[in-house]
Amino acid sequence: PPPAPTRPRRRRAKFGRDRRTFRYMAELAFVGDGKASYQIYVGGSPVLTHVGFEYKERQKVKTIEHTLEPLFAMWRDERLDATEAFGDFCKRVGQPALAAFAADYTCTSTIMA
């Protein structure tokens, strides 16, 4: 007898297996990458015209405030005008400039114990 017909295999989407394959539209996004640890993405558009980029990875919850404070201070002081969104600013200056500013910035808040 002839072999039984086989059904075509369904291909499953591989979403969620590698977070780096995702594109984040948010101006600021937190993606869990471990226990009390997050990847931080910035630079997405508030009107969804461009995606964000990874700013930092493996940031502990206790130090997230110290990671974000320099970015907000730079945005406050160096944005083009009062209407430039945070995500648009981060996209314009880029990750290297954000990291350089943060390296020289002295945080005003204390780290929670």
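A salt bridge here is a side-chain nitrogen of Lys or Arg within 4 Å of a carboxyl oxygen of Asp or Glu. By this rule the count comes to 3 salt bridges. The model is predicted, so local features need pLDDT of at least 70 and side-chain atom pairs count only at pLDDT 80 or more, while totals for chains, interfaces and linings use all residues. Residues are numbered from 1 along each chain as its sequence is written, and side-chain values use heavy atoms, with hydrogens and water left out.

Arg58, at 57%, is exposed, and Glu57, at 30%, is partly exposed. In another salt bridge, the closest N and O atoms of Arg76 and Asp77 are 2.8 Å apart; both residues are exposed. Arg92 and Glu84 also meet, at 2.9 Å from N to O. Here Arg92 is partly exposed at 41% relative accessibility, whereas Glu84 is buried at 10%.

Glu69 is also buried, yet has no salt bridge. The nearest side chain of opposite charge (Lys and Arg count as positive, Asp and Glu as negative; His and the chain ends are not counted) is that of Arg76, 7.3 Å away. Glu69 is found in helix H1; helices (H or I, at least four residues) and strands (E, at least two) are DSSP runs, numbered from the N terminus. What does the side chain of Glu69 make a polar contact with? Its partners include the side chains of Tyr105, at 3.0 Å, and Thr108, at 2.7 Å. A polar contact is a pair of N or O atoms within 3.5 Å; within protein, one must be able to donate a hydrogen and the other to accept it, and residues adjacent in sequence count only if both atoms are side-chain atoms.

Helix H2 spans residues 86-93, and its buried residues are Phe86, Gly87, Phe89 and Cys90. They lie on the same side of H2, because they cover an arc of only 160 degrees around the axis, taken from the directions from the helix axis to the C-beta atoms. These buried residues pack against strands S1 (28-34), S2 (37-42) and S3 (53-60), and against helices H1 (64-78) and H3 (95-104); contact means heavy atoms within 4.5 Å.

S1 and S2 run antiparallel and are joined by 6 bridges; two strands pair if DSSP finds at least two bridges between them.

Notes:
Buried means under 20% relative accessible area, exposed over 50%, partly exposed in between (1.4 Å probe, protein chains only).
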